[in-house]
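Reader: Hey, I'm new to this one. Can you walk me through it?

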Amino acid sequence: MVEEATTLSELEVLVELQELDTRLSQLTHRAATLPEREELIRIQEQDSKLQQDLNQLAGQLTVLRKSQSDREAEIQRLEDKVAKATSSLYGGEMTSPKEATALQSEIDSLSGRQSLLEDQIIEIMEEIEPFAKEESRIEATRTELRTQIADLEHRISAQVTEIESEQHSVTAEKSEVEDRAGPRLSALYTENRKRMGDHTAIGRLVGTSCGACFLEIAAVEIDRIRRLPDDEPSECPECGALLVR
Ligand SMILES: [Zn+2]
């Protein structure tokens with residue numbers, strides 16, 4: 001700010017207050033719109049999409065693996081039966097050749113069923129393979145995404161901390177300026193800002209136009225405003241901003 005000690009208006013503090021509030025608004029906006037936040041949402045969406053794919057794969061893999069283990073259990077039962085029949089056949093408890101033939105035929109039939117199941121298991125395992133590969137691929141990608149998410153969260157939190165510290169110091173500065181402005185001007189400013197919003201509550205009188213609405217103020221009004229005491233605020237007749245002259 002250019003120091004013009006003799007001509008500096010007492011109302012200048014109003015401009016300072018508005019500038020500090022503008023900085024506070026900018027900081028709030030910056031904290032809410034960090035580019036990392038958008039990136040984080042994008043990656044989280046990607047991750048949850050992969051989680052869905054993974055759930056679907058897990059469903060398919062569960063069905064296939066169950067079908068494999070059912071067959072393995074059946075093979076185990078068949079092997080037990082074959083072992084029992086074999087032991088009867090060769091255990092010397094045979095009573096007749098007819099019984100031996102029946103046992104041999106049972107063993108053949110059980111073995112036939114077993115080799116059919118073994119072929120099916122090979123087919124099932126071939127079916128499982130691409131699903132399992134896809135599952136590993138997705139899990140690896142998700143591990144990578146989780147690293148990125150942690151990194152983004154860390155960067156966001158570091159920036160938020162920095163912004164908060166800046167907000168803290170601007171707020172402290174504002175309270176000093178408010179002390180300087182005194183309760184009357186501070187209250188007037190706060191009220192006008194509440195009514196008119198950011199950037200437009202205070203306008204610097206530039207020549208004969210208002211710095212808030214940029215409209216030309218009638219000469220008779222300008223005369224009246226210029227004759228007011230230095231610390232007596234006046235409103236722009238066009239927009240209502242407090243004029244700093
Ligand atoms: Zn105005």
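Predicted model: local features only at pLDDT ≥ 70, side-chain atom pairs only at ≥ 80, totals over all residues.

Reader: Okay, so is C210 buried or exposed?

Author: C210 has 1% relative accessibility, so it counts as buried.

Reader: And what about C236, buried or exposed?

Author: C236 comes out at 3% relative accessibility, and therefore counts as buried.

Reader: Let's talk metal. Which residues coordinate the zinc ion?

Author: The zinc ion is held through the SG atoms of C210, C213, C236 and C239, at 2.3 Å.

Reader: Why is the arrangement around the zinc ion called tetrahedral?

Author: Because the angles that the 4 donor atoms subtend run from 103 to 114 degrees. To count as tetrahedral, four donors need all angles between 85 and 135 degrees.

Reader: How are the donor residues spaced in sequence?

Author: The pattern is C-x2-C-x22-C-x2-C. C210 and C236 link distant parts of the chain, 26 residues apart. C210 is in strand β2 (residues 209-210), while C236 is in the loop between β3 (234-235) and β4 (242-244).

Reader: Switching to helices. At what angle do α2 and α3 pack?

Author: Helix α2 (residues 35-90) packs against helix α3 (residues 97-196) at about 160 degrees, and their axes are 6 Å apart. That angle makes α2 roughly antiparallel to α3, because the cut-off for that label is over 145 degrees.

Reader: Is their crossing left-handed or right-handed?

Author: α2 passes α3 in a left-handed crossing. The residues of that contact divide into 30 nonpolar, 15 polar and 20 charged.

Reader: What about α1, how does it cross α3?

Author: The axes of helix α1 (residues 12-32) and α3 come within 8 Å, crossing at roughly 145 degrees. The α1 and α3 crossing is left-handed. In this contact there are 13 nonpolar, 5 polar and 11 charged residues.

Reader: One more. Where does A132 lie?

Author: A132 lies in helix α3. With 21% relative accessibility, A132 counts as partly exposed, because the buried label needs a value under 20%.

Reader: And what separates A132 from E153?

Author: Along the chain A132 and E153 are 21 residues apart, and their C-alpha atoms are separated by 31 Å.

Methods: Residues numbered from 1 in each chain as written. Heavy atoms only, no water. Axes fitted to C-alpha atoms, helices over the stretch in contact; angles between N-to-C directions. Helix = DSSP H or I, 4+ residues; strand = E, 2+ residues; numbered from the N terminus. Parallel < 35°, antiparallel > 145°, perpendicular 65-115°, else oblique. Left-handed = near helix turned anticlockwise from the far one by under 90°. Nonpolar A, V, L, I, M, F, W, Y, C, P; charged D, E, K, R; others polar. Donors = N, O, S within 2.8 Å, 3.2 Å for Na, K, Ca; no water. Tetrahedral: all angles 85-135°; square planar, octahedral: opposite > 155°, others 65-115°. Buried < 20%, exposed > 50% of the residue type's maximum accessible area, 1.4 Å probe, protein only.
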